[in-house]
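Please look over the fold before reading the points below.

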Amino acid sequence: MLDMPRLGSGIPLVARGRELDRLRAAFEQAAAGSAAAVLIAGDAGVGKTRITEELTGLARDAGALVLTGRCLDATETGLAYLPFAEALSQVPDRDRAVAGHPRLASLFPELALPDSPLPGTLVTGLPLPTGAGGPRGAARPEQDVGQLQLFDAVHGLLGELTGQRPVLLVLEDLHWADGSTRRLLSFLCARLRGQRLLLIGTYRGDDLHRRHPLRPLLAELVRLAAVQRMELAPFGEAEAREFVVALAEDRLPDEAVRAVATRSEGNAFFAEELLAAYDAHRGGLPATLVDVLLTRTERLGPGAAQVVRVASVAGRRVPHPRLRAVAGLSDAELEEALREAVQHHILVPAAGEVYAFRHALLREAVYGDLLPGERVRLHAGYARLLAAEPDGRGVAAALAHHSRESHALPAALAASVTAAEEANRLGAPAEALEHVERALDLWHVVPAADRPAGTDELTLLRRASWFAGTSGDPERSVAFARSAVRRAEEAADPEVTAEALRRLAKALSALDGKEDEATGVIRRAWELIKDCPPSYVKAWVLAVYAVIERCADRSDTAREWAELAVRTARAADAPGPEADALTTLAALDETAGLVEQSRTLLVEAMHRAMAAGALTTELRARHYLGINRYEQGLLDEAVRVVDEGVERAAGTGLTWSGYGLELRVMQVVTRYVTGDWDGAQAAAEPPGHRVSSTVSARLAAAGAQVLVARGAHAEAARLVTELRPEWPRDLMIAFTMGWVGAELACWQGRPEQGIATVDAALGHAGGLMAGIRLGAVGVAAAADAAARATARRDPDAAAAARTRGEEFAGIARRTATGLPRTGKLGPEGRAWLARAEAEASRLSGPGDPALWQAAVEAFDYGAGYELAVCRWRLAGALLAAQRRDEAAAELRAAHETAVRLGARPLRDAVRRLARRARVTLTTDESPAREVVDPFTPRERAVIAQVALGLTNRAIGAELFISEKTVSVHLSRIMAKLGAGNRAEAVAIAHERGLLEQPVPAP
């Protein structure tokens, strides 16, 4: 089991910035002499204690006295005033404080005289609880007097303490507060005036049933001017994922992180427990969490508890009529039970006479606590009820579930088939796949006579393959297609077998490395059907054959097969395969340089596919049309085409199909290039259901470029590591993560790692147009490495880096002179080639201004970020050539773009260069001052040597100090930078410009 940190154990506070700002403002107000109280409400485990701990830390740092007390469940203790006693016990020199306020002795039994208890106290020295929440019966006057004296003493002591310094008083878990504690809290809140006091009270809102004694007090307190209430809501989806990532410390794959975040529904404690027990429970609930959840139901009466158990079998939500029918209670009994369950915040009413569990994990815990026989009986009850209901949305899926769980397998099989058809009509292929898989699991268990009419195993397998492919799981699509081929061969029908083979070939063509197998499979299909007359199946076999030939770079034969497919499809009146073949011909035209002819053909293919209802073919045409516009540098048109394609895929449930994914990736790319980085990151959000790791990796890789450019380097580094195993499965992942990883390494001051990353990517993506961009980034990394080696007076390393840089430049040039996709380089290809040439000029110096000017002009087609990067480099070259005014203009333009995009690493790099050149970047800016240096001269000397790669011993020898002294200096440096190791310290220092300052002589 993973050893995860517990809440409050040191991970940064996540996603509570707004709430913490509000608490900080309340504290600052109180510290200035305006007392206040904040009552923090939230579900159990939502993070109330964590945010109060953050506030107490801030208060202590500001010099405040922090006093904290906790209420305990009344079943654990009956001690009155317990949180106040605990809090005031933390007062410095408590005994002297009590001596000044004798009534306070009643809070501390060890200070009360055993032979003379104070009036109104128990023999333990604690006051009798009276008033709200106290024992029934009239309170004696002496008790009221004694209690008021105690209240005055507490109020007086707090007033004295606030006269010395601000005081933060935290009272936790007020939902368990006894009556006397509630009365004292009311007394203090009503007297908040000019004291430097902030009172924080926390309570569980989900514990406050209608008759809870804290409810009337809260209603009273929130009417006071000095009291405010703050609701601590569960995390949102993105916040929950951020919290789980911080808690997991990069020790779980992204899929597991998403699963835990989703199941926790934003509750921090639930997320922590699920994560801590992830390995041990894998889908189940840890015992500790079950115990916590079931504690809530144990407070219910027998009737309410039974209704909650019945509801748990229905799922998260249950309609009132179904619950009434299965529970077998009268309307009055059911209403009373539901009222109690709602008051205890276990069930919540929803629209349409529906009740829902307040949290899915609570329902899961209740369901898991059912006896096996009880569970089967209740499922059978729901199944009988659903079987009698008219067909409606979700009925078939629910009937399939309850029938299966009650062992009514024939009914479960029939309902699963129906549910799959319904999910498909609704554009939900992932859900349809689940239902078909369940039907396949039951197929051989159910006797042939009891199987549903109108379907067979081959049909189910073909549909499963289709649903898997369209929901983002191409590997499973292939697996089902293989099984379908085996069943088709048993039928001994050439056309049926050819169709199954065609579907398998198409599924294989979606996977890298399966080209040869796909070719063999489609040839088998053609051999079976080549002598048959024109038909829908024959036209599709030819269309897929053309696609596979084109993917294998056999353009001539691909055109022959595509043209034959068009003729066959028209003869058979099959517009679907005709549109697919036209799309292939359009792609071949573009490769031949007939760009506008290709665009016209793609538009025709798209409209034919739409008319035929051939959705995947339509998306394929839209994808190629988007690429056509993008590669011509028509970025606005490309964005429009791609956005329309993504919207069409989403509307038809095909977002995660092969070309649905390609359109989504293109959306990330086009928005990144045009500067809509928020849009790019939104498009790169992972799907909400399980997909192939390759699919999620493609999308994550596309989004990683924004992370690097924006400076989210920790997250980007995690992706670089996580996605490395996916490189062999998809060349586009290797290409994208190759240059992303290399740029990340360069921004972090690790150019040697950048060189290695480009080398690795070229090993996967050699021969593609990716070579230009990878080559350019490789040259940049080599130029940085050469400069660093020169700075540390290592001529051999500098020469080696320059050699590698020339090799990378050669790769970019050779790739560019090969046959590009459209027959000639488009704007993007020309720009990256110009960048490669400009970077090569940095291998032996500051760079050639003319080559960098050419790169700037090349990227001016609309790639704003890359244009700004080239302007930054051009400025450096111009400064070296003593052309300061021109350099200043380039720096200002680059800075404006970097600030607008939120490109923090580039922004900081531009500012560092401007500082060194004494250039102002804005009209209202005074000449930039040098970076504030956190280091002592000796520390600066040490970090400079660490950056050169020297060991502690070598640094000691260089600076004439001991190895131990070097270690001490390095520890201080890492503490100042917040770094965890040497490499991170160097990276942070480099990013802040601290390594570029002159290093003093030792």
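Two strands count as paired if DSSP finds at least two bridges between them. Helices (H or I, at least four residues) and strands (E, at least two) are DSSP runs, numbered from the N terminus. This is a predicted model: local features need pLDDT of at least 70, side-chain atom pairs count only at pLDDT 80 or more, and totals for chains, interfaces and linings use all residues. Residues are numbered from 1 along each chain as its sequence is written, and side-chain values use heavy atoms, without hydrogens and water.

**Five-stranded sheet**
- The sheet is open, pairs in parallel and runs β2-β3-β4-β1-β5.
- Its edge strands, β2 (65-70) and β5 (227-231), each pair on one side only.
- β3 (residues 167-172) and β4 (residues 197-204) are parallel partners over five bridges.
- Leu 168 stands opposite Leu 198 in β4.

**Three-stranded sheet**
- This open sheet has the order β6-β8-β7 and antiparallel pairing.
- β6 and β7 (347-350) have a single partner strand each, so one side of each lacks a neighbour in the sheet.
- Three bridges join the antiparallel strands β6 and β8.
- Arg 317 stands opposite Ala 356 in β8.

**Helix α14**
- His 320, Leu 323, Val 326 and Ala 327 of α14 (residues 320-327) are buried, meaning under 20% relative accessible area with a 1.4 Å probe, protein chains only.
- These residues lie on the same side of α14, because they cover an arc of only 140° around the axis, taken from the directions from the helix axis to the C-beta atoms.
- Their cover includes α13 (302-314), α15 (331-343) and α17 (372-387), with contact meaning heavy atoms within 4.5 Å.
- Gly 328 follows α14 and has a positive phi, near 70°.

Conventions: Buried < 20%, exposed > 50% of the residue type's maximum accessible area, 1.4 Å probe, protein only.
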